[in-house]
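Subject: Structure handover

Hello,

Here is the structure I said I would pass on. My notes on it follow below the entry.

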Amino acid sequence: MATINEYISSNKDRFLEELLDLLRIPSVSADSKFAGDVRNAADYVQQKLVQAGADIAEVCETPGHPIVFGQKIIDERLPTVLVYGHYDVQPADPYELWDSPPFEPVIKETELHPEGAIFARGSCDDKGQVYMHIKAFETMMQTNTLACNVKFIIEGEEEVGSDNLETFLEQNVERLKADIVLVSDTGIIANDVPSITVGLRGLSYVEVEVTGPNRDLHSGLYGGAVPNPINVLSEMIASLRDENKHINIPGFYDDVVELSGEERAAMAEAPFDEQEYKDSIGLSDTEGETGYTSMERASIRPTLDVNGIWGGYTGEGAKTVIASKAYAKISMRLVPDQDPDKITEMFTNHFKSIAPPSVSVKVTPHHGGQPAVTPTDSPAYIAASRAMESTFGKVPVPFRGGGSIPIVALFEQILGLKTVLMGFGLDSDAIHSPNEHYGVFNYFKGIETIPLFYQNFAELS
Ligand code: BES
Ligand code: MN
Ligand code: MN
C-alpha cells in the first residue's frame, strides 16, 4: 500500500483538476441569481465526499442554501474530528478588475507563489481549503491511515452570516458530537513562516439612511438653507472616531479585554515588517489607533469602517442637486468580550443621538458575529502545531487574525466544542478581491499536513 506522500504525489494532477472543477461553479451566496450554482457546488462536494469514502454524505436543506454533511466513523472509541468549511464564495464584482475571468481558474506564477497559484474566486476562501480536507480524507482512506472518526459540515452561507447553520447546529447536537472542530479558512504568515490562528474578530454591521428634504432639490435654489443629507452623513461618520482614531460611541470599549504587556510582547515576536506591509498594498503610511502597532490594530483592537457610501448624483458630468437621502454601510470588527448585539444597539442609539434635528435617521442591522479565541495548550492545538512542524520544518507561530468566522463561537456555545484554525492561505492571496488566488504549494501543503493532524490528535487524546 502506498504511503500518504506517495498517494498524494501520484494523484497530484487529479487533486488539482477536481478543485478547478469546483472553482468553475459560481456559488455566490449573496446573489440569488446564483442560487442554482450554489446548489450545484453543494452537490459536487457531496459527491466528492462519497467518492472519498464517506459512509454518509448528504445535502441538507435549509431555508437558504444547503449544508453538506458527511461522516466516516471507523471506531466509536477513537476521537472524532469535525471539519468545517464553506463552499460559497463572495461576489466576484468588479469583474473588469480581474486579469482572467473569476470562474475560469488559471494557474500562474507570482512572486510569492513561484510554484504557481490558482486564480479564481473562492480558490483560497474557502473552496481550495475545503477541498484539501476532502483530498486528505481520500488519502487517509486509500492508505488506511485514518486515525480518527471524521464528520464534515461544509456550508453555503458563510459569506452571508451562517444564519441557517446556527439552527442546523441546534437541531443536530447529537449527530454532530465530536471532540474538536478543525477549520481551514484562515492563513499563515508566509510560506516559510507557518502559523496557527488563535483568535478571530467579531462583527457588527449596519446600514444607515439619512433623509433630509422630501425630494431632490436644486442646489442653487435651496442650497445653503436646507440640510444636505450627504454632508450631514459625512459629518456624522467623521465624528465617530476622534483624532486618536478612538471610536467615540459611548460604552464601545467597555467589554474589550486588554492584553497584558506580556501577551503583547509575545505577539510582537511574530515576524512583521511595516515597510513590506505598506509596499504590499501601495501605501506611503499606515494609520490607526494611537498606542498600538499595525499588527495589533488589525487583530486585537476593534475597528469602525465605512464599507460603502452613496447618494446624490454620481453619473457623468455635473448635476447641481441636493439629494433627499444619503446612505452608508458601516462595519465594526469586535474583539473579546464585545457582544455584537450590544454594540449594534450602542451604535444605533449613538448614531441617532448625533443626528441634527433637520434630518431623520434609520439604522438597519445586518448579520454580525461574535469574536473568538482558541487555546494554545490543548491537545488539538499541539496536534496542529506538530503536524505543521513536520511539513513546514518549523514550529508554527500562534497569532490572532483580524477576520471573522462567526460560527466558531457558536460551535463552542451550541456544541461545546473548541476549534483549531489551521488555515493555509496568505493575506496577499486577495480573498474577497479581484484576482483572488491560492498557492499550489499551499494546497498540497494542506493535504499533507491534515493527515498528520489526525494522527497527532489521536495520539494526544
Ligand atoms: N475566511 C474568512 C475569514 C478570515 C479570512 C479570517 C482570513 C481570518 C483570515 C471568511 O470567509 C470571511 O470572509 N468572513 C467574513 C465575515 C462574514 C460574516 C461575512 C469577514 O471576515 O468579513
Ligand atoms: Mn472563508
Ligand atoms: Mn470570506
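The protein chain of this predicted model splits into domain 1 (4-200 + 371-460) and domain 2 (203-256 + 302-368); the bounds come from an automatic or database domain assignment. Their centres, taken over C-alpha atoms, are 36 Å apart.

On numbering, residues count from 1 along each chain as its sequence is written, while chains are lettered from A and ligands numbered from 1 in the order in which they are written. Local features need pLDDT of at least 70, side-chain atom pairs count only at pLDDT 80 or more, totals for chains, interfaces and linings use all residues, and side-chain values use heavy atoms, with hydrogens and water left out.

Domain interface

Contact (heavy atoms within 4.5 Å) links 10 residues of domain 1 with 8 residues of domain 2. The two domains bury about 620 Å² between them, 59% of it on carbon and sulfur atoms; buried area is the accessible area (1.4 Å probe) that two parts lose on being put together, summed over both. On the domain 1 side, Pro371, Arg400 and Ser404 lose the most area to domain 2, together 56% of what that side buries.

Between the domains there are 0 salt bridges (a side-chain nitrogen of Lys or Arg within 4 Å of a carboxyl oxygen of Asp or Glu). There is 1 residue pair in polar contact across the interface, both at pLDDT 80 or more; a polar contact is a pair of N or O atoms within 3.5 Å, where within protein one must be able to donate a hydrogen and the other to accept it, and residues adjacent in sequence count only if both atoms are side-chain atoms.

Manganese sites

Donors are N, O and S atoms within 2.8 Å of the metal (3.2 Å for Na, K and Ca); water is not among the atoms, so sites may look incomplete.

How far apart are the manganese ion (ligand 2) and the manganese ion (ligand 3), and which residue coordinates both? They are 3.6 Å apart, and the residue is Asp125.

Regards
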